[in-house]
Structures are given as C-alpha cells and as structure tokens.
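Visitor: I would like to walk through this structure with you, a few questions at a time. Could you begin with the overall make-up and then turn to particular places?

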Amino acid sequence: MKPASTLSTAFLHPAGQALPEPLLALRKQRGAALVDMPLPTRKTENWKYSSKYLKLTDEMAVSLPTAGKTGSALAVPGYKVVFINGVMIPEASEYPDLNNILIQRFGDLSDAEASELAERLDTTLNTKEVQFAGLNSARFEDGLMIRLNPDAVLDQPLFIIHEVTADASGSAFPRIFVDAGRNSQITLVEEYISSGQEAVLVNSVTEFTLAEGANVTNIRLSMGGENVQHIGATGVTQQRSSRFESHCVGFGGPLRRHDLQVRMEGEGAECKLNGVVVTQGTQHYDNHTTIEHVAAHCDSEETYRNIAADKSHAVFNGRIHIHQDAQKSNANMNNKNLLLSTGAEIDTKPELEIYADDVKCAHGATIGQLDEESLFYLVSRGIDRREANVLLTMAFINELVAQIPVEAVRDTVQIRLNQFFDQAFQEA
Amino acid sequence: MATTDQEVNELIKREYEHGFVTEIEVDTFEPGLNEDVIARLSAIKKEPEFMLEWRLKAYRRWLEMQEPDWAHLGYEKIDYDSISYYSAPKRKEDMPQSLDDVDPELLRTYEKLGIPLHEREKLAGVAVDAVFDSVSVATTFKEPLAKAGVIFCSISEAVRDYPELVQKYLGSVVPHTDNFFAGLNAAVFSDGTFVYVPKGVRCPMELSTYFRINAANTGQFERTLIIADEGSYVSYLEGCTAPMRDENQLHAAVVELVALDDAQIKYSTVQNWYPGDENGKGGIFNFVTKRAACIGKNSKVSWTQVETGSAITWKYPSCILRGENSVGEFYSVALTHNYQQADTGTKMIHLGKNTSSTIISKGISAGKSSNVYRGLVKFGPRAEGARNFTQCDSLLIGDRCGAHTFPYIESLNKSAIVEHEATTSKVSDEQMFLCRQRGINPEQAVSMIVNGFCKEVFKELPMEFAVEAGKLLEVSLEGSVG
C-alpha cells in the first residue's frame, strides 16, 4: 500500500452510529481540518523517535467488528463501563444511577446536552501538538460523558475498560469526557487490554475539566496486545484549587503513544503525574507530557520511570511551561531510566519553558543500568543473581507502583511486572 | 523591590562600549551572492584550484538547503542577496610585511578594544591573530611559535602555504552539508585562523583571535581550523566586537577542532558582538557552527564560552568523542538582556569506549530577552562505560524574560550513564536583603550574586579572559535589577 501522507486520507471511517446531530457536525468539521495534518515522520519534532513504529494499513481503516458481551473485562468487580472493540456494551457495564453524577453514552445525550458537549470537546488538548487527538475528534464512533455535579463524590473507583477481542484488522476511536463540578471527587481507572491477533489501531482520547476544588484521580493502564498500536491522549484543565493526580502504567507494544497535557488555569491548582513504562522484545512506548502553569501559585510534581529490556525502545518527553503571569509556581520533574540491555534504546527530553521569574523549577533525568555494587551486595548474601536483578529492578519502580491508590490495580500491575521479570531475567 | 526600580532604571543607560566605527578605506563587494562572487573572492585570496571547487560545491548544495527554523528564536528573514560577502581594509601594496606596514588606524582600533597588537613581549605573552571584517590583518608572535613548530596564521595563508593539511582536515569535522549556515560559510568564508600543533608539542603561549566587524551591510564569515597532533596541547581564545548599527548584521562562522591521540585543545570564547539597543533594534545575528572531533585515544577538548553579545545567538559547540577514553567538556555562561535571544548549548556524541563528558551551562536572562539551553547527549551502541554529567541552571532577572531548557538525551548502551539536572530560579529576595543590609547597592549585589552563579564556568577561563568576562557581565547586567 502506498503510505498515506495526511491523516485525512489515512482513515475513511463510516459515519458514527446514532450520534446526536451536534456531535456529527463536530466530527465533520474536525474531519475537514485533517487535510492539513500530515502524518508524522522522523522530521516531526514530537514524533522524532516514534514515527518509525507507526504502521497504518488500509485494513485498519475500518471499524472493528462488534462483538457483544465477551472478553475478560467482565471479571472486574465494582463500577465499570466496558467498551469492546471501540463500542460501549451497556449490558456488560455496571454503574450507579445517581442524580448528582451523570454517566451517559454520547448516543443517549439529548441534542441540547450534545451541543454543549460538542463545544467543550477538544478544549483541553492542543491538537496542533497532539495530532491524533484531532483524528479521534473526526472519527469517534462512541463515547462516554461523565458529569459530576458540585460536591458529588463517587464512592468507588469507576473502571473504564477498553478491550479489543476482534480477530480482524481495524481501528477504534473511543472518547471519554469528564466534567468534574465544584468540589466533586472521582477516581477513574482506564484499562486498555487486547486479546486480538490482527493489527489494530486504538486511538483514544480522554478529557477532564476540573472546576474549582475538584479532585480527580486518573489511573491509566496500557496493558497490551502484541498487535495493537495504541495512540492515546489525555487532556486536563484545572480551575482554582483543584487537584489532579495521574498514574500511568504502560507496557510496550508495536506502537504505544500517550500524550498527557495538563493546564492549570486557576490559582492554587495542584497536579501530580506519575508514570511507569516497561518495554521488552522489540516493543516501543512513548510518553509525551506537558504541564502548563497558566495561573500563579500552582504546584506540579512529575515522576516518570522507564525500563527498557532486550531491543525495545522507550521515549519520554516532559515539558513544563510556566506562563508569564504564573508567579510563585513550583514545578518539579524527574525522569529516571533503566537500560537493561545494549540494543535497547532510551530517549528522554525533559524541557523547561519559563516566562516568569519568581518560580522554582527543577528537572532531572538519568539513564543507567543496575548498580553493580548493589547487585554484588545482594549476591554476596546468598540471593541468586536473577532474584537480585528482579529485586533491584522492582525497587526502581516500586515507589511509583505503591502509590497507585486502588489495590485491585496494584495487583494487576504486579502480576504483569512478574511476567516481565520472568522474561527479562531468564538466565540465572 | 519597587524602590530600587527607579535608581536602577537610571543606571540602565550604560551603552555598548565597543560601538564605535573605524573610518578606514575599504574594498567591499557589491551585495549579492552568486558563483562569480565566490570566484572573485577565491581569486583575491589567491587560492589554489581545489579551494574554489570546494567553495562552489558547497554553494550549489547550499542553494538547495533550507534555513533551519527549529530554534526558539524570532527574527525577520535574512535576505542573503542584500549582504556584501567581502570587505577588507584597502592596502597600498600586497600584504603587510610586518606590523609597521599595517594601517595605523587599524592598530588604533585594536588598541581601543584593549588588544595591543604590538608585541609587548614582557607583558602580554598571548599571540593574537586579528580579523577585521573579512580578512586577517595581523598575527603576532609568529617567530617564537614557529620555533616551537606551531603553525599559527590566517586560514588564507594556510590554504596557500599548507594546502595538504588544509585539504585533509578542512570540512572533515563540519562538512558543508552539515547545516544551512555551515554550507553558506563553506562557500564564502573570507578568512579565519589556522593552528597546527605538531606531535608532542605543548604550545608555549595562549593563542588568540580577535574578530571585529566594522563595515556596514557586510556579513562576516570566518573559519577556524585547529589541529592538535598526537600528544600536543593548545589553548585558544577568541573575542569579538562590532559597531553599533541599526541594521542587523550576519555572522556565520565555522570552527573545526581535531584532536588526535593524547592531544588536548582548550577553546575559550568571549563573545561580545553588538547586541542591539534597548528596543531590540540592530545587533549581530550570530549563527555559528563549532565542533570538535576527538579522533584519538585519550584526547580531550574543552569548550568554554561567555556569551553576552549578539541580537541572536545560535551556537552549539559540540564534541564527537570517537577515540577511546576521550573527554569532552562544555562550560557556558550565556547572558541575554533587552531583546536579545540566545539558543545555545552543546552536543556530546559518545561513540568510543569509556568516553566521558561534562556540561555546565548557566543561562541568565534579563529584560525582555529569551535564553535557551538546547543540548544533545548521545551514547552509541559501542560507547561502553561512557559517562555524562549535565547541569544547566537558569537565572531570571525580571518578569518579562524567558529561560528555557531543551535537553535531548539518547542512550543505546546499557553501561553508559547519564545524569542531567536543571534548575531555574531568580535572584532571591533573601540574597538581596543580606547584601543590602551590609550596605551593598543593588547593582553590585546582583553583580556579586550573578558572578557567584557563574563561578564554575569562569574558573575554566584563562586568567586574562576571566577578568574580562566578569567585567562584561557587570556591564551587561547594569540596570536589570528589579
């Protein structure tokens, strides 16, 4: 196939099913904008290290077949919304029907609600920098709107599970929009899993708008699928004194890309971004984060750890942007990387862009291997070499894994990590 | 600190002290660039055939190249046809045979700049090559250097007298295809400095080049080539100034350093081109490509730069660490004020085993300026045991300036270790309070704090330059407290 040169020709999806008119209009308008949006190449700065993994084929330009109520996502206890092959399955989903928290499929929104939503979609992300969020806006077929009224608190974490079960090529464009009202609270867990065998593209976008005092925790697990190219974006805007906490755990794949953009627009806002990435084999994972301090007196704290084994490739690009009026900002970014083998590649770029003078900003980045002396210490005390490797590697990320506030998620992550250790440190 | 604002604003008026123009008769090419201009340039320089071909090849390639736009800079597009590519002081005869033949007006210019070209053997002890607009006008201390076997001359002379060395190394580190400005330089470079230090020789004195742009509407394109043969050592300094003019002038230089086995090169720059006035009018556009190839085992290259001038600085002195155990160092202080923009940093490319590099970068932005550190640290798959340490700190003075950091770190070898850290802060109220409490005025206090901030870099400079750099910083910072 001849490689497509712009995003608009890359994907000709059928019109979305049963979406309200305002959302269809938005899709159409965004679709027209794609004409000027070239597919990223090595020369595209924010895709410099990752464009070579992007392999889009004609076969992917169709929707995945609908599958109904299947897959392993069903086993998750608690509140959950299940998307299978990009489409929400209401009968597999369980969530409370509360009058102060609205959880609704895009297709079920009234025209008035839909037109309000259409105006707010894409407002949290800079689609010039995150081209694929623009693609999602033009192609989304199904989506979920979550609205928390002022002071509403969801008592349990809500799981949103995106599973690919199809044994066919295709693409899915799920979309989530969370509108957290004044002083509301929610913990949202997004989990991306796959059991399909054919090449699939998942292009997801999740947006959060936090009103004054809102408190949102987002856990994002990109778990797998050896054939799934996953390009995801998360956009966040924060008003006064709101707090956003994010825990992103990613396991590699043929192409994994996550753009996370946080804009702190109100004074006293606070955000904390944690990330763990583990890649092996010939896998790839690319995290791009942007934290914008627009208002004064905001705090941000970012910690990302990457581990790359075998011939895999992990990329981190973190940017802190302090606007001119954002005096008294505190920003800290820390990225540490562990390269387990020569042949693997780690690229990192911690950026600071600062236009205000009364700020405290620091970033640090390191790349290295397991410390020989620590290994020796453990081995000299009778721990076998493999075990010592596992201990030290786990110690490298445990600080972040332990911070994940939902126990069920920590367990899932630990099981996957154990599988990774088994493969990465085979020989004793 | 509202009270200090006023006192300070009165002090702000201190002007660029090297802004005078020397009235001197010059030969200047008509503005514009084409193959004829290059041929004429080459003919004036009496260059051998290979040089002309080399230039033309570079020129043809340059025509296909795009001006880079990735840097964090904003400026009006440069019209390359409005620039004159050659300007030289008129000479009565061929070349001046000694300093006595040099136009006295020129000598006075350099005296004014504080660079006595007349050999003051007892005092100076620094050999100087002075480049005025497009040509090298004088080189001092030639004889004692020749006695040690060191070749120190203008690159035009080197092309004529040592063609085999020039042919072997010119463009070997920075090929004409490297980037837009290096391509332009390869086509039209008019002069520069050539240094060759033979095997096992420790160059007996500091070598230095002083660059001066004088003529209007000209670009300065000099090229420096330094080769340190096995086991040799050389320390080289460069300094630059230009008159105050309302138009922007282009300076696109290329510096190539080659270090063979066990050789060591120390390259220091104090760049003080005219930075433009307080409204951002005028100033030099400084687009420079500097790169060192550490080819040999145990070779070492150290770049030290103090950048206080230029309206725009685009400069990334780099080291390609190919030889085993080779070492690269980069120490930089970049100060921007008013509307100056600097996008500067380094590249450390580790290819050989056990190579190591250190990067210390201090950016200070004041006024409405923008100051960027942009760096690359790369470990190739064969860079076993390679190490890098990077520290880039920014200091902001005033709330209308910007300080940015864009470090690229790429590692392909598991035994390589890289550490990068960066901080951004301002001159703290506590520091100022402590100084003022002790009767130090705000100007001096800031100057002291900034000097302390830059100390790590200044201590790398040769003594004469360290003094100059400290003073430069004081002058440039004046009026920026607030």
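Visitor: How many helices and strands are there in chain B?
Guide: This is a predicted model, and what follows should be read with that in mind. Of the 482 residues of chain B, 55% count as buried, and residues 24 or more positions apart account for 84% of its contacts with a separation of 6 or more. As for elements, chain B has 11 helices and 24 strands.

Visitor: Are the residues of strand β6 of chain B buried or exposed?
Guide: From β6(B), which spans residues 191-197, B:Asp191, B:Thr193, B:Val195 and B:Val197 point one way, while B:Gly192, B:Phe194 and B:Tyr196 point the other way. Because seven of the seven residues reach the buried class, the strand is largely enclosed by the rest of the structure. On both faces, then, the residues are buried.

Visitor: What is the handedness of the crossing of α3(B) and α8(B)?
Guide: Helix α3 (residues 49-64) and helix α8 (residues 180-188) of chain B pack with their axes 7 Å apart, at an angle of about 145°. The crossing is left-handed, and its contact is made by B:Arg55, B:Ala58, B:Tyr59, B:Arg61 and B:Trp62 of α3(B) together with B:Gly183, B:Leu184, B:Ala186 and B:Ala187 of α8(B). By class, that contact has six nonpolar, one polar and two charged residues. The handedness asked for is left-handed.

Visitor: Is α5(A) oblique or parallel to α6(A)?
Guide: The axes of helix α5 (residues 372-380) and helix α6 (residues 385-401) of chain A come within 9 Å and cross at roughly 130°. That angle is why the arrangement counts as oblique. In this right-handed crossing, A:Ser374, A:Leu375, A:Leu378 and A:Val379 meet A:Arg385, A:Ala388, A:Leu391 and A:Leu392, a set that divides into six nonpolar, one polar and one charged. In its relation to α6(A), α5(A) is oblique.

Visitor: In β23(B), which residue is the bridge partner of A:Leu352?
Guide: The contact between the chains takes 30 residues from chain B and 32 from chain A. On the side of chain B, the elements that give two or more residues are β22 (387-397), β23 (402-411) and β24 (417-426), and the residues of that side divide into 13 nonpolar, 11 polar and six charged. Strand β19 of chain A, residues 345-354, runs antiparallel to β23(B) and is joined to it by six bridges. Within β23(B), the partner of A:Leu352 is B:Thr405.

Key: Residues numbered from 1 in each chain as written. Chains lettered and ligands numbered in written order. Predicted model: local features only at pLDDT ≥ 70, side-chain atom pairs only at ≥ 80, totals over all residues. Axes fitted to C-alpha atoms, helices over the stretch in contact; angles between N-to-C directions. Helix = DSSP H or I, 4+ residues; strand = E, 2+ residues; numbered from the N terminus. Parallel < 35°, antiparallel > 145°, perpendicular 65-115°, else oblique. Left-handed = near helix turned anticlockwise from the far one by under 90°. Contact = placed C-beta atoms within 7 Å. Nonpolar A, V, L, I, M, F, W, Y, C, P; charged D, E, K, R; others polar. Pairing = 2+ DSSP bridges. Buried ≥ 20, exposed ≤ 12 C-beta atoms within 10 Å, placed from the backbone.
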